[in-house]
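Hi everyone, and thanks for coming. Please take a look at the structure with me, and we'll walk through it together.

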Amino acid sequence: MSAQKKRNFQIEAFKHRVVVDPKYAEKTWKILDHAIHEIYNHNASGLSFEELYRNAYNMVLHKFGEKLYSGLVSTMTSHLKEIAESIEAAQGDLFLEELNRKWADHNKALQMIRDILMYMDRTFIPSTRKTPVHELGLNLWRDNIIHSSNIRSRLHDTLLELVQRERTGEVIDRGLMRNVIKMLMDLGSSVYQEDFEKPFLEVSADFYRGESQQFIESCDCGDFLKKAERRLNEEIERVTHYLDAKSEAKITNVVETEMIKCHMQTLVHMDNSGLVNMIVDDKYEDLGRMYSLFRRVHNGLSIIRDVMTSHIRDTGKQLVTDPERLKDPVDFVQRLLDEKDKHDKIISLAFSNDKTFQNALNSSFEYFINLNPRSPEYISLFVDDKLRKGLKGVSEEDVEMVLDKVMMLFRYLQEKDVFEKYYKQHLAKRLLPGKTVSDDVERSLIVKLKTECGYQFTSKLEGMFTDMKTSQDTMKGFYASLGPDVTDHPQLTVQVLTTGSWPSQSSATCNLPSEILGICEKFRTYYLGTHTGRRLSWQTNMGYADIKATFGKGQRHELNVSTYQMCILMLFNSADRLSYREIEQATEIPVLDLKRSLQSLACAKGRNVLGKEPMTKEVGEDDSFFFNDKFSCKLYKVKIGTVVAQKESEPEKLETRQRVEEDRKPQIEAAIVRIMKSRRVLDHNNIVTEVTKQLQSRFLPNPVLIKKRIESLIEREFLERDKVDRKLYRYLA
């Protein structure tokens, strides 16, 4: 086969030239110009948009795009000038209506013109970097209408006047406002901002500055806040109806600045209606309004918080330093709880449970509770009152609520170890006579204390409950060992207490009646026979007894008395009258306890089983006592309490404080040794800081006491001073 011959193809130009009519561009533009006029004159229904599009297409195709574009600019400008004259001629309220109507017409016309000139928009304009048709129409409207010397200021004044009229309560055409404002926004953000927003904000600032000054002079704080809140809501609503959404932050900032920020100090300190008055009168609604308004302003909440903190501290300081209010510890603590409840409710209902306010409240309570050195004792006395009688018939939920409130106050205490000392004393006085409302409630509080402060804090308290249970088992064993002889003796109940777990008591004993001594000795023999290496010492000051007494006319009563009172009463089985000194010599009861016991037996109205001469309220050393044959009571069982001060006396308080200080010494030393063992070398200031940090959950150690314990450890060769730097300590392994 022979190879095919290769052929080359070539495209040649037409042999004849295409000649365009020199007047083509002019003729075609006249058609398009006429069409634009008809569109603006609302006669577009008779136009053929397909033919007009083709004419515009051909003009661009034949390189007449520039003529088409410049002609469009000229024709639109001409029409817009006519429109401007029409708008300028509109009077009063018709001005905005005419502007809005002409704007709507211009937009419709612009849409049709853009459809006709679509090919120019797509090809010629991008290549020559000219403004697209729609944007061009907006720019021409801006330059010839909005920025017209006769329209610009008039439009600006009219819009601001309408806003002002609406602020004074008039009803305006919001739809018209929305359309005109939207027109400014469509013309570009700079037009909206320069021609409306900027002057609008300036005028608003002047308006609210004047109005707020007027309100501050004529309204109380609550009314002012209501008016400010209403104005703020009005401006937010105005934005949603006819302003740009971006204006909301700006106009609300103006209202916040002029109505709130400039008057915050005046409002919170306003006489008879400021923040303190709102707190005192529990005005939750006004407080909530103040919180929501002030939080919008920089530092607004800190002003409320500072004033509230100052008020709480002043109120609390008055409460804890007022001698009248300190007379009743239970009432004192109840007032603290009431104050805490009051402010908790305010923070919850008015301040949205704001953590910063809660922290301020806590720090304020911690401040003033610790101003009173007796707060730990009083809180323990409050618990004692509730757990003895105050919680009878109360539901479990209410009991838990009371315990939680007590724990809240306990957390504020800096000297938690002092509370522990008093709590142990009061717990002992509840457990031993069986005066506690419920063991479960007692244990529940101990669990809470354990959770708060750790096992070490409550180990001795738990040991007290263990002793009570063990004592019950011991007594069962003792009576079982007596056998048939059990009826020959008075019934005895003994609680054997571990020395370290219970409050330390003075070991002063009294002379027990012979009727009791026999059974006591038998118990001692039994107990020491069943337990080796133990020693028993009787705490007669902590006991109580039930004794049967016969008065005049054969009237019988069962008297519930303390051990000391029993010893005194038993003396009158063999004597009708005894002097104070004879009773003291026979019983050997300590003087203070003897006087209290005699006072209870002879001076308590309705409980005076003894008579006294002379009949005074106080017991003197020259007094004499006799059996009151005329004693009578409706009840068979009569409880005779001991006259005991609810609070500690000054000597007792001093003794407790000394015991606390002694107990703190080993704790501080242990903390120092722990720190130095891990750090090996440390300067004095850092040791003090570390020790305080470790012990602050129990108490705040005094730096002077820390220094003394360091000196003691140096003497005992646990630490040594650095030979060069005397403030530096080294641990000796």
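This is a predicted model: local features need pLDDT of at least 70, side-chain atom pairs count only at pLDDT 80 or more; totals for chains, interfaces and linings use all residues.

**A look inside**

Residues are numbered from 1 along each chain as its sequence is written, and side-chain values use heavy atoms, with hydrogens and water left out.

By cavity I mean a set of points, on a 1 Å grid over the protein atoms alone, where a 1.4 Å probe fits but cannot get out; lining residues have an atom within 4 Å of a point. Grid points are joined across faces, edges and corners, and the volume is the space filled by probe spheres set on the points. The largest cavity comes to about 50 Å³.

Which residues line the largest cavity? They are Trp29, Leu32, Ala35, Ile36, Leu68, Ile113, Ile116 and Leu117. Helix H1 (24-40) and helix H4 (94-116) each give at least two lining residues, and H1 has the largest share, with four. Helices here are DSSP runs of H or I, at least four residues long, numbered from the N terminus.

Now to the packing. The largest nonpolar core has 81 residues, and Met290, Phe294, Phe351, Leu409, Tyr423 and Leu449 have the most contacts inside it. Apart from that core lies another, of 64 residues, including Trp29 and Leu176. A nonpolar core is a set of buried Ala, Val, Leu, Ile, Met, Phe, Trp, Tyr and Cys residues joined through side-chain atoms within 4.5 Å. Buried means under 20% relative accessible area, with a 1.4 Å probe and protein chains only.

Ile516 is buried, at 15% relative accessible area. Leaving aside residues up to four places away in sequence, Ile516 touches Pro490 and Met566, where contact means heavy atoms within 4.5 Å.

Finally, how many disulfides are there? The count is zero, a disulfide being a pair of cysteine sulfur atoms within 2.5 Å. The sulfur of Cys567 lies 3.7 Å from the closest cysteine sulfur, in Cys510, so that pair is too far apart for a bond. For Cys219, the closest cysteine sulfur is in Cys221, 10 Å away, again too far for a bond.

Definitions and conventions: Buried means under 20% relative accessible area, exposed over 50%, partly exposed in between (1.4 Å probe, protein chains only). On a 1 Å grid over the protein atoms alone, a cavity is a set of points where a 1.4 Å probe fits but cannot get out, and a pocket is an open set with protein on both sides within 12 Å along at least five of seven lines; lining residues have an atom within 4 Å of a point.
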